[in-house]
Amino acid sequence: MRTLFKDMGLLLWLPITILLAWWFGSANSTSIYFPPLELILETFARDWLGPRFVTDALPSIGKFLVGFGIAAAGGVFLGMLIGLSRRLNAALDPLIQFLRAIPPPAILPIALLLFGIGASMNIAVIALGAIWPALLNTIDGVRALDLQVIDMTKSYRLSPAKRIFKVLLPAASPQIFAGLRVTLQMSIILIVVSEMFASTSGIGFYVLNSQQLFAVPETWAGTIVLGLLGYVATLVFVLIERRVLAWHRGMYNSLEKA
Amino acid sequence: MIPLSTSTISTETIMAVEGLRKSYGEAQILDGIDFTVNKGEFVCIVGPSGSGKTTLLRCIAGLQAPTEGKTMFEGVEVTEPPAKLAVVFQDYSRSLLPWMTVQENVMLPIEGRFPKEELAERVKKALVSVGLAGKGKLYPWQMSGGMQQRAAIARGLAYNPDVLLMDEPFAAVDAQTRVELEDLVLRLRDEYNTTVLFVTHDIDEAVYLADRVLVLSGAPTSVTENIETLLPNPRNQIETKRLERYSEVRARVMGLIQAAKSHASI
Amino acid sequence: MSASAFGFSLGKAVSSQRRRARFAESMWGLGTVVFVLLLWEILSRTGMLPTIAFPSASDVLLRLVSLLASATFWTAVGNTLSAAAIGLVIVLVIGLPFGMAIGRSRWVERSTLLTFEFLKPIPPVALLPLVLLFWGPSLTMKVFLVTMGALWPFMVQVVYGARELDSTQLDLARSYRLSRWRTIRQIFLPTLLPFGMTGMRVAASIAVIVAVVAELIGGATGMGQEIAMAQNSADLPTMYAYIFATGLLGLAINGVFNLISKPLLFWHPSQRTKEH
């Protein structure tokens with residue numbers, strides 16, 4: 001019990017100190033850049049716990065989820081196709097290496113020209129820009145499949161569906177998830193950036209717009225919303241990953257002990 | 001006259017390997033392998049390390065095409081893995097899938113081929129036979145090496161094969177476990193009435209298990225000898241190994257292997 | 001045939017076969033690139049691609065070549081690269097001691113856990129409006145953003161590396177009474193290096209991405225701003241040429257990392273090529 005309290009203290013002293021320092025340090029602040037934390041939180045509550053959540057936050061979240069979904073599913077699907085064919089992999093490798101080396105936000109102007117301002121542009125940027133980590137990791141994961149496992153699937157004459165869904169995908173899943181995690185981070189960056197770049201609504205638009213209007217508390221409040229979005233999305237992802245890869249952690253731990 | 005076997009070895013050929021050659025570029029690995037396996041027989045293939053045992057096995061199992069020659073399985077030429085042949089691989093930690101429980105691993109090859117109840121029945125029977133009753137819900141990595149290889153054998157049995165092909169299955173387990181597993185395989189062969197083709201580098205194991213031992217030469221590999229062990233069944237780790245005939249066969253195989261090795265390293 | 005001669009001839013046959021296969025593979029790759037460019041050219045010339053969004057491939061490539069000879073281009077590259085580089089140096093200076101402290105001390109690890117776990121997933125670009133507010137479209141703004149984006153991936157790797165320093169090796173150093181300097185140079189650094197390199201590799205690619213965003217949206221000078229300017233003046237070939245150039249820059253940075261990891265990490269499993 002005592003050690004538990006000690007550990008809680010250890011975990012909490014720094015965040016609490018920072019928050020208290022911010023709260024009291026900014027309490028009587030007259031600086032335009034650092035409004036009192038109280039004011040920031042009031043603005044946050046007023047804007048984001050109200051109707052704006054529905055009009056601006058939900059559409060952003062929706063576009064982000066659709067974009068991430070396309071990037072993730074597309075990356076895994078294409079990665080499987082490419083990873084399974086030596087020739088396809090050889091043929092596409094240089095092209096893929098080049099495309100993934102382009103900083104994804106740099107394609108924003110192209111997407112804008114193609115799709116104009118709107119949800120389809122935000123989604124397209126995420127789908128095209130964030131697909132690469134999922135794609136490359138799936139290719140690597142599929143290609144790394146153990147020869148003895150391949151022999152096993154052949155000699156027991158497993159059907160193609162079984163080979164893919166029961167053997168190939170699970171075998172590559174640790175690597176696929178590592179790629180998906182980066183795809184997720186990139187998707188968050190891209191939804192924010194694409195809304196800042198060209199949009200008339202959404203969280204990214206709100207934050208950049210309030211900065212341009214010099215509405216400082218709003219800028220801070222919006223930054224907090226973006227931070228929370230990133231935090232929650234990652235948290236949900238990690239929870240899913242833990243569930244799906246429970247076998248992998250178990251195996252790893254059992255090897256560590258041996 | 002020594003009884004050859006309590007199980008029924010017929011003279012009917014189930015597998016025939018005819019003039020099998022395999023080379024990679026200029027390097028020749030297999031140099032004309034010929035042998036037959038009769039129905040119900042337990043045949044051990046023993047050879048020095050580096051003698052292309054795994055290549056031979058992959059050719060026989062239809063996992064690899066030979067450069068020349070062919071394998072006949074139940075009268076049909078092998079061009080893909082035959083449906084009535086199950087392989088138990090050397091490295092159980094790699095051939096059992098770690099994301100599935102033991103039960104799911106055993107069920108994997110036969111899932112969808114039988115109604116649900118029969119499926120469960122078959123899996124259960126296979127697990128009981130190998131001494132893993134009640135362990136089906138464990139993951140392979142939660143079990144010892146010996147238990148994992150038992151699970152791999154159960155997967156082979158549930159597949160209901162006519163021939164069980166085993167590739168150095170006990171190379172990675174400790175000596176005591178190996179003894180247990182050897183007797184397990186002998187018992188299962190009688191219980192399921194399967195033909196077993198067993199590849200090993202261990203001479204004692206080969207002689208103890210086999211009705212017939214095929215001795216391989218060093219690379220490029222061919223069959224140098226075909227020895228009937230003529231040991232009485234059932235085998236017993238102590239009694240069988242005390243027999244004069246056992247020492248005789250063992251000495252002969254040992255001599256051939258050493259000759260193969262020294263020939264290879266000249 | 002003797003075993004050694006056999007092994008040798010096998011190795012030779014396989015390696016020459018492999019070389020040939022690798023050559024064929026690189027030809028396939030080159031072929032695809034040429035094919036895609038040709039297809040793009042034909043589709044844009046025949047008007048099958050919307051001209052509003054796509055210039056022709058040849059226009060883009062020619063523009064890229066002429067850009068490579070212009071001072072504006074290299075100034076832009078220099079601006080982007082210097083912001084990324086300064087940011088990475090700061091990341092190194094902050095990330096190394098913090099990462100070491102977190103990896104080696106339970107007290108530091110537990111104390112910073114919640115704060116860092118909260119800060120880590122926050123997208124660095126979320127801070128763009130705030131830092132624009134503070135510093136305007138300046139180098140400082142860019143460097144700050146780059147640092148915030150690249151710090152976490154680097155530090156995470158340093159923490160892994162510091163945990164890897166196992167007590168056997170440290171005991172060994174103590175029992176042989178190695179000097180502090182030799183312990184650092186011969187045990188700490190070699191253990192940390194592969195992790196640090198991995199971290200820097202990830203950090204570098206994020207640094208370029210963040211720098212481009214700061215230029216594209218924040219209006220700081222550099223390649224991102226050139227892209228935005230070309231877009232505003234509807235100069236599609238220049239816009240595409242700069243986008244391509246950012247890709248080439250990314251490839252170049254990756255190439256540099258490959259080049260320096262070989263001699264630095266020759267002993268590490270990731271660099272070992274199997275002898276057959």
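These legends describe chain A and its interface with chain B in a predicted model.

**View 1. The helices of chain A.** Chain A contains 12 helices and 0 strands. Followed along the sequence, the pattern reads α-α-α-α-α-α-α-α-α-α-α-α.

**View 2. The dimensions of chain A.** The C-alpha trace of chain A spans about 75 × 60 × 30 Å along its principal axes. The radius of gyration of chain A is 23 Å, whereas a compact globule of 258 residues would have one near 18 Å.

**View 3. The inside and the surface of chain A.** Of the 258 residues in chain A, 50% are buried. A residue counts as buried when its relative accessible area is under 20%. Chain A exposes about 12500 Å², and 70% of this area comes from carbon and sulfur atoms.

**View 4. Contacts within chain A.** Among contacts in chain A with a separation of 6 or more, 75% are between residues 24 or more positions apart.

**View 5. The charges of chain A.** Chain A carries 19 positive and 13 negative charges. The mean position of the positive charges lies 14 Å from the mean position of the negative charges.

**View 6. The interface between chain A and chain B.** Here 20 residues of chain A are in contact with 28 residues of chain B. The two chains, A and B, bury about 2300 Å² between them, with 60% of that area on carbon and sulfur atoms. On the chain B side, the residues that lose the most area to chain A are R94(B), W99(B) and W141(B). Together these three residues account for 30% of what the chain B side buries.

Key: Residues are numbered from 1 along each chain as its sequence is written. Chains are lettered from A and ligands numbered from 1 in the order in which they are written. This is a predicted model: local features need pLDDT of at least 70, side-chain atom pairs count only at pLDDT 80 or more; totals for chains, interfaces and linings use all residues. Side-chain values use heavy atoms; hydrogens and water are left out. Helices (H or I, at least four residues) and strands (E, at least two) are DSSP runs, numbered from the N terminus. The radius of gyration is taken over C-alpha atoms; the globule rule is 2.2 Å times the number of residues to the power 0.38. Buried means under 20% relative accessible area, exposed over 50%, partly exposed in between (1.4 Å probe, protein chains only). Contact means heavy atoms within 4.5 Å. Accessible areas come from the Shrake-Rupley method with a 1.4 Å probe; for residues, only the protein chains shown count as cover. Lys and Arg count as positive and Asp and Glu as negative; His and the chain ends are not counted. The place of a charge is taken as NZ of Lys, CZ of Arg, CG of Asp or CD of Glu. Buried area is the accessible area (1.4 Å probe) that two parts lose on being put together, summed over both.
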